[in-house]
Amino acid sequence: MLRGMRVLDLSTERGLLCGQMLGDLGADVIKIEPVGGSPVRQLPPWLDERPGADNSIYWLAFNRNKRAITLNLESAAGRGLLKQLVAKADILIESEEPGRMAAAGLDYAALSAANPALVYVAITPFGQDGPKAGWADSDLILMAAAGVLILYGDEDRAPIRMSVPQAYHHAAADAAGAALIAYYERLASGRGQLVDVAAQESIGLAGQSTALAALVESAETQRMAGGAKLGGLRVPLVWSCKDGLVSCVFLFGSAIGVFTRRLVDYIFAQGACDETMKNTDWIGYGAKLMSGEEPLANYEQAKAVIAEFLQGRSKAELFEIARANNLLIAPIATIEDLRENPQFAARQFWQTVAHPDGRRLTYPGAFARFSATPMSIRRRPPTVGEHNREILGGELGLSDAELAALAQQGVI
């Protein structure tokens, strides 16, 4: 789909997903690493528990469909080679702290002089300007700064960070979309522009719309592990079952109460609850609880009946019961469940990719399917400097002797 587009990826772990998404769409993405390889190659976890430049699962996860060269951008020669590549590029991605690229003479102002059509994408914690532009960051800081951290963790303790960093993945995905918007505009104007992506804003917009809800004067969402609190009600949304966890909606009102009524009807048919529970008005039950007409103890007793019913069945059993009876119950998948998921298999989501050392690794496939221009994994993640000769020699015209000299000087 993006065949013919040239992307230079100078990003750190903050922005690797952006280049990979453009590569998946068909762009020629060149990953530019420091001499010796990107520090990202030293991030665990490790494939087969073996540390090494080509064994970082983090690196492997975000660098397919890229070629790779090494350039020492601290050197004048390295910066000169980069500018030669920029002259032929459509998009450049970087994720340095604001001001660092300018100090190196490689910011948008400098590079657009060499290529006015360049779309320059900068991914930073808080954006290129503003009072926090130069502040330190981490995923925890960004989640807190965006206001979404308040939702993570148990209600009786301080919020906790998510186990897998999220902020920069959202920022990188936003950056890929924004880069294509700027590229589309360039098709009309012929000129590139600076795309400024702030991770704080990306994760804020992606985080369960908490901030957006406040704008329409919605009640403030409060943290409660595995459920939600509605006034004095503690409503579980995650329940235990025989072999794991399921999401089961046991709520009330005209929209959801009908599902609760079906659930209770089914439980009664199985002999797992009494007629009093079966005949309860689950549509108006919430209003009665809130007014005190219905004792809270009765609600807690009903929850106990639901919990006992779910704990006696497996995820698969409950899913089939839900499908057959139109109930709001869904299994909560583990990673192994996803690996064996028949829907993923039928859509050939998982892709096996061969590596030079003989390994065949399984990767997630395309994030979307295009009928006329399907995405594919054309390239495995590159090794350090794998395409130095192909790009610097074949495309920039450097001779073998010149490449050898640059390597000797620590430029490539």
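1. A word on angles before anything else: those under 35 degrees count as roughly parallel, over 145 as roughly antiparallel, 65 to 115 as roughly perpendicular, and the rest as oblique. By that rule H1 and H7 are oblique to each other: their axes cross at roughly 45 degrees and come within 7 Å. Axes here are lines fitted to C-alpha atoms, for helices over the stretch in contact, with angles from 0 to 180 degrees between N-to-C directions.

2. Bear in mind that this is a predicted model, where local features need pLDDT of at least 70, side-chain atom pairs count only at pLDDT 80 or more, and totals for chains, interfaces and linings use all residues. Residues are numbered from 1 along each chain as its sequence is written, and side-chain values use heavy atoms, leaving out hydrogens and water.

3. Back to that helix pair: Leu17, Cys18, Met21 and Leu22 in H1 meet His169, Ala172, Ala173, Ala175, Ala176 and Leu180 in H7 (contact means heavy atoms within 4.5 Å). Helices (H or I, at least four residues) and strands (E, at least two) are DSSP runs, numbered from the N terminus.

4. Now the sheet, which is open, with six strands in the order E3-E2-E1-E4-E5-E6 and parallel pairing; two strands pair if DSSP finds at least two bridges between them. E3 (66-70) and E6 (194-198) are at the edges with a single partner strand each, so one side of each has no neighbour in the sheet.

5. E4 (residues 91-94) pairs with E5 (residues 119-124) over four bridges, in the parallel sense. H7 (residues 167-189) packs on the sheet as well, touching E4, E5 and E6.
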